[in-house]
Amino acid sequence: MKLTPEQRIQLHGFNNLTKSLSFNMYDICYTETKEEREAYLKYIDEQYNADRLTSILKDVSDIIGAHVLNIAKQDYIPQGSSVTLLISEGPVEEAPTESFEESPGPLPATVVMQLDKSHITVHTYPEYHPDEGISTFRADIDVSTCGEISPLKALNYLIHSFDTDIMTIDYRVRGFTRDINGHKLFVDHEISSIQNYIPEEIKSLYDMIDVNVYQENIFHTKCKLKAFDLNNYLFGYTKDKLSPEKQKDITESLNMEMDEIFYGKNMY
């Protein structure tokens, strides 16, 4: 249903819709030896520690025009980090019309919108294969908002904040709000695909799959990096140090790992 700006703003009370963005990114690396694996995990823990993640989430809160109420953060042993931000509404009473457009958000700049008590969380999961030399870093980010803004406006910035081989993105609008006549609204902005919130230059780098359930306001997009350069997946050395046969074996192993993550099933 296409809504006019007047219909979007003229609500009975506050906008009670809950909009949830789940952004999952994966970074894959080949670490053949124990020393390589430990060095990679140390690098990840330093690159994406709780302080760095807190800075990223603060930028997200700025993009969606939120006030940070509380921050909880933790670096775990032996690896991994978590950060949770409790956020509240921004300082304005009306959202600009452009907040409802299907378009990528800023990188970053303050886009002041209205939202109520909401939250932003991130958890990291460094892990490795016990036998085959594959190490994987995963970060799960959830942005849940109420009010006149979709958290998809922060997606562009999140993509640019991480080195991603594979992305899995879910978006769901839940609940309903009412207009001044009591008519229920189950979505307050136009959306046909999460891809419309990703810049063209980013989409050109990835193979992408959509699975959308429009009548339930459920949207799902998966992205896998198109280009493959083995040098980008070796930690501490380049492929010229390896024999052609070894390069081939590692390439096949890495591609299978990424295909399994992308398609969500084991392959043989």
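Modeller: Happy to! Let's start with a term: a residue counts as buried when its relative accessible area is under 20%. Phenylalanine 162 has a relative accessible area of 5%, so this residue is buried. Keep in mind that we are looking at a predicted model.

Now for the rings. The structure holds 10 aromatic pairs. In one of them, the ring centres of phenylalanine 23 and phenylalanine 162 are 6.5 Å apart, and because their planes meet at 45 degrees, the pair is tilted. Where do these two partners sit in the chain? Phenylalanine 23 belongs to strand S1, while phenylalanine 162 is in the loop between helix H4 (155-161) and strand S6 (166-174), so the pair links distant parts of the chain, 139 residues apart. Phenylalanine 23 is buried too, because its relative accessibility is 0%.

Next comes a stacked pair: tyrosine 48 and phenylalanine 137 lie 5.0 Å centre to centre, with 15 degrees between the planes. Tyrosine 48 is found in the loop between H2 and helix H3 (50-63), and phenylalanine 137 in strand S5 (residues 134-146), so this pair ties together parts that are 89 residues apart in sequence.

Terms used: Residues are numbered from 1 along each chain as its sequence is written. This is a predicted model: local features need pLDDT of at least 70, side-chain atom pairs count only at pLDDT 80 or more; totals for chains, interfaces and linings use all residues. Side-chain values use heavy atoms; hydrogens and water are left out. Rings of Phe, Tyr and Trp (its six-membered ring) pair if their centres lie within 6.5 Å; planes under 30 degrees apart count as stacked, over 60 as edge-to-face and the rest as tilted. Helices (H or I, at least four residues) and strands (E, at least two) are DSSP runs, numbered from the N terminus. Buried means under 20% relative accessible area, exposed over 50%, partly exposed in between (1.4 Å probe, protein chains only).
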